[in-house]
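Me: I would like to learn how to read this entry. Please take me through a few features in turn.

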Amino acid sequence: MAKKVQAIVKLQITGGKATPAPPVGTVLGPQGVNIMAFTKEFNERTKDRAGQVVPVEMTIFSDRSFAFILKTPPAGFLLKQAAGIESGSSNPNTKKVGKVTRSQVRDIAQHKLADLNALDLAAAERMIEGTARSMGLEIVESS
Amino acid sequence: MEYCEIALTIPPEALEAVTDLLHRSGTGGVVIDDERGADLRAYLPCDERLDIRLADLRRRLTDLVEFFPGMSQMTERQRVVAEEDWANAWREHFHPVRVGRRLIVAPTWEPVSCQAGEVVVRLDPGMAFGTGTHASTVLCLQALEAEDLAGRAVLDVGTGSGILAVAAAMLGAAEVTAVDIDPLAVRIARQNAAVNGVSERVHVRYAELRDLLVGGLVPVSFAVANLTADILCDLAPDLGAAVAPGGLLVASGIVTSGRRDAEGALAASGLRVLRAAALDGWVAVWARRD
């Protein structure tokens with residue numbers, strides 16, 4: 001018999017380094033999930049993404065057991081990779097820190113489409129483009 | 001420890017930008033509810049830097065209006081949450097569980113009824129690993145139960161809450177040596193041994209496995225190591241040396257994809273891999289020293 005789903009929880013936490021501190025503890029504790037069991041399994045499964053932000057979607061069942069799937073890296077991470085920068089601008093309105101091409105934006109939108117709540121590719125592209133600008137990246141037609 | 005919970009309701013198109021900003025603000029993670037719109041929760045420690053961090057975060061959120069006009073409609077709520085609020089919440093849901101044919105793992109704070117021949121392990125795991133509900137622990141408990149431990153010396157590597165060491169003693173082991181490199185786990189494992197009245201036979205040591213080899217406390221005829229595939233690979237030579245000729249090792253905590261590496265490392269350490277058991281994506285491996 002399939003187990004009854006009690007809750008779906010979406011988190012973005014650091015790969016290989018999850019601890020019982022918030023947000024892990026605050027979101028899983030009240031659900032009755034064994035926090036240490038989650039951090040052990042998450043850290044083991046994300047050790048090749050250690051230090052990177054990893055989106056995770058958890059299904060918590062009524063018997064307090066859980067399962068989770070790991071999602072594609074956040075757009076911010078992919079954009080930094082595409083632009084070859086370490087971090088985004090702290091003043092994106094005035095200080096630009098790099099460039100990404102429109103085709104890179106499209107590739108990221110395509111890559112993330114399944115994990116974004118955007119309806120279609122065009123909406124996903126607008127979302128990625130806005131995210132890029134908010135990090136101080138300029139969008140250029142070609143490199 | 002107290003944390004400031006920041007709850008934001010934002011336009012969905014700004015989700016990736018705002019989560020990126022929250023990560024950069026040192027929140028250590030974000031909880032996302034995007035079923036209807038986008039509700040985010042993130043936490044900052046209530047310390048002397050909180051005011052500065054919050055002010056910086058607000059300024060950056062305001063800046064986002066230029067890129068996502070809908071951000072002008074963002075709502076923000078704050079509240080303080082205390083560690084006690086969540087750290088013990090899982091206890092309400094920890095009830096006696098039956099593992100295998102005759103083992104029952106039960107929280108120290110709940111009455112349990114059992115029949116003749118059944119063995120009850122009382123447990124308060126605190127923040128240490130091991131409540132008997134995780135597949136890797138279940139596989140080890142079943143292995144302990146299947147073995148005739150009466151009068152034997154048992155080793156538990158990475159004892160966590162002490163559940164396996166205590167269960168081994170309750171199942172008749174004459175002497176159990178348990179080690180962990182986490183001082184918190186050592187303290188909790190000792191408490192759990194005491195609660196079950198097996199402190200005299202369960203020796204919990206704050207040590208590396210290597211320290212036991214040097215100290216002459218091993219080899220033993222039965223060892224259990226509920227760790228991870230990586231740690232098992234690193235410790236394999238020491239695990240091989242900790243098992244006496246003819247003795248058995250049960251290595252657990254292996255994710256399915258790590259099985260080949262773990263088995264290879266054990267084989268290279270003089271152990272003969274006998275079989276493996278799988279449960280919910282986790283594997284335990286039985287290996288003998290000939």
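Me: Which domains does the domain assignment give for chain B?

Reply: Domain bounds come from an automatic or database domain assignment. For chain B they are domain 1 (2–85) and domain 2 (130–289). The C-alpha centres of these two domains of chain B lie 43 Å apart. This is a predicted model, in which local features need pLDDT of at least 70 and side-chain atom pairs count only at pLDDT 80 or more, while totals for chains, interfaces and linings use all residues. Residues are numbered from 1 along each chain as its sequence is written, chains are lettered from A in the order in which they are written, and side-chain values use heavy atoms, without hydrogens and water.

Me: Which residues touch the most other members of the largest nonpolar core?

Reply: In soluble globular proteins, nonpolar side chains tend to be buried together. A nonpolar core is a set of buried Ala, Val, Leu, Ile, Met, Phe, Trp, Tyr and Cys residues joined through side-chain atoms within 4.5 Å; buried means under 20% relative accessible area, exposed over 50%, partly exposed in between (1.4 Å probe, protein chains only). Here the largest core has 41 residues, and Val18(B) and Leu40(B) touch the most other members. Another core, of 40 residues, lies apart from it and includes Val119(B) and Ala189(B).

Me: How many disulfides does the structure hold?

Reply: A disulfide is a pair of cysteine sulfur atoms within 2.5 Å. Over all chains there are 0. For Cys46(B), the nearest cysteine sulfur is that of Cys4(B), 5.6 Å away. Cys46(B) is partly exposed, at 30% relative accessible area, and Cys114(B) is partly exposed at 41%.
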